[in-house]
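Please read these notes with the model open beside you. Each numbered point takes up one place in the chain.

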Amino acid sequence: MSATLSAPALLAVPLAPLAGSLIVGILGTSFGGNRIGRRASHTLTILGVLIAFLISAHAFKSVVFDGARFDETLYTWMVVGGLKMEVGFLIDSLTATMMCVVTFVSLMVHIYTIGYMEEDPGYDRFFSYISLFTFSMLMLVMSNNLLQLFFGWEAVGLVSYLLIGFWFNKPTAIFANMKAFLVNRVGDFGFILGIGLIAAYAGTLNYAETFAKAGELGGMAFPGTDWMLVTVICICLFVGAMGKSAQFPLHVWLPDSMEGPTPISALIHAATMVTAGIFMVARMSPLFELSDTALNFILVIGSITALFMGFLGIIQNDIKRVVAYSTLSQLGYMTVALGASAYPVAVFHLMTHAFFKALLFLGAGSVIIGMHHNQDMRWMGGVRKYMPITWITSLLGSLALIGTPFFSGFYSKDSIIEAVHESHLPAAGFASFAVLAGVFVTAFYSFRMYFLVFHGKERYDQNPDAHHGDHHHGHDAKPHESSWVVTLPLVLLAIPSVVIGFMAIGPLLFGDFFRGVIFTNLEKHAAMEELALAFHGPMAMALHAFSTAPFWLALAGVALAYYMYMVNPALPAAIKRMFQPLYTLLENKYYLDWFNENVIARGACALGNGFWKGGDQAIIDGAVVNGSWRLVGWVAGVVRWLQSGYIYHYALVMILGVFAFMTYFILLNK
């Protein structure tokens, strides 16, 4: 531990946003009498996140450049037998990176929210929620034990429920937040089983102590089976990641989270919640490296998510939903990297994706403001000349997303494609195809959105709702550029979206940045070693990319989107008619929602009703409870006739008893 990382300073990182959230949540809402106004609310919460960001940046500098490290227990909650339940921080290069990403993106979202939510009556409540969200994510990434990790894990789930359903008068928002909550409960059930197995067999919840016993866990079998215990642990933990990081088939909640305001969409999709699963698997790499079965499982799930969720982005007309399905696909890419044991690459893509995805969401929100709250891309077009800052920053974000050479997304996405190609796991073949095909799909739907929104014929005047809300905004029906509190975060996010990949790829992937933090068995899983041999600097990597398949696939996707939506706009409708069954399949999202609602949900209801009527009412209430009192009543009724209170009845019974005994003994002696 270095003296440059002190416990009080580190405590301020999560506690500053928490303090802002509590003050504003109590004093800035009707709960506390609305004692502070809007300006005070956003000032306090932004100040809290700014403090967290500045301390996080200092911690990052200390860890990376000074070699500092912090791993201490700050508070012991309870000790049960030999199992300690504690609150503590582990600050290393992985944690410091996550702290900076979370606090910086959160700070941008806080500033942006001033402009986006200015007309909303729940202004103060929203600021309280997003600060609480930031606190929850920071507690998750800073933890040094599984108990605190689980606290942060559940806390981000709870706050996401509040934020997705922020407009609680909208039935669709209420349905969406309940859906997110329930789907995440499925994943969290697996997650807590994994934690329970670690506690049972390792006897600790502390990371360092668990990893010290990794070899011992790797040699155990799951009781009553031939399965490796560590495989069961890792798959259970990853089921938790499937829920939080929206992997197939537990991805269904994420597109519906668009029912929340755009700033929270950016925060959920870029820096909090969905990145928690990726971070957790990277943190637990010493365990995952012991099970090829778990890694293959991760590869398959990530591949399905990366490719098939991208297909769904192609047919979306809501600008936010296109970006949402893009998030699903990119999370699949990160998961594929984890399965290929390229944990640093997954974290690298998590970081670059956080910047350009936050940029794209906030850019989409800026367009929505400029289009007077229209989200349908069919009623946009030609917006670039009205919203130049939003246009250029959204273009930069789109170029980063599709992996354009020299942009941040290129370095992380191409590293994932190459890592999977170098993996020798059985599932790597399908994964390699999925991530390569996903390049074309991503480029197509990204620039379909870009061309429909910013180029081509202006269609906003054809929208039947074009004038809706003009009296609120004080504008005519034409689009307009957003205020500086909206455009400033766009500019600040565009900068790392362009340059951070070039700057960070060397130290993050091929230097000592994650040494002693992320563990890879290079003898069995040599993907990172193969990447290092092929890497000759970020400039050479970008120049070489112009001759590789991913670049030409991305270019083909952009060119096809341009032709279909700029040159020949009648073609998409013709293709839709030609492939109507396929379009219907995509429009119904592979019928997974239908399956969940009509098979799983109804099956669960039927099972519940069976337990209720057959078990509770018939057996417990009918047989056990009511049956017992009826039996007691019958016995009491019979006994009541024997307890009449008349002496001659008792005398008669005594005589009959003596007669019966005498008869019995006479017969016995014959």
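1. Which residues does Thr210 touch, not counting residues up to four places away in sequence? Thr210 touches Ile198, Thr204, Leu205 and Leu287, where contact means heavy atoms within 4.5 Å.

2. A word on the source: this is a predicted model, in which local features need pLDDT of at least 70 and side-chain atom pairs count only at pLDDT 80 or more, while totals for chains, interfaces and linings use all residues. Residues are numbered from 1 along each chain as its sequence is written, and side-chain values use heavy atoms, with hydrogens and water left out.

3. Thr210 lies in helix H7 (residues 207-212), a helix being a DSSP run (H or I) of at least four residues, numbered from the N terminus. Thr210 counts as buried because its relative accessibility is 1%, and buried means under 20% relative accessible area, exposed over 50%, and partly exposed in between (1.4 Å probe, protein chains only). A polar atom of the Thr210 side chain is 2.7 Å from the backbone oxygen of Asn206.

4. Lys61, in helix H2 (residues 38-66), counts as partly exposed because its relative accessibility is 43%. Although Lys61 and Thr4 are 57 residues apart in sequence, their C-alpha atoms are 9.9 Å apart in space.

5. Helix H19 (residues 428-454) packs with helix H24 (residues 549-567) at an angle of about 35 degrees, and their axes are 7 Å apart; such axes are lines fitted to C-alpha atoms over the stretch in contact, with angles running from 0 to 180 degrees between N-to-C directions. Residues making this contact include Phe440 and Phe447 of H19, and Leu553 and Tyr562 of H24.

Conventions. Helix = DSSP H or I, 4+ residues; strand = E, 2+ residues; numbered from the N terminus. Polar contact = N/O pair within 3.5 Å; in protein donor to acceptor, adjacent residues only side chain to side chain.
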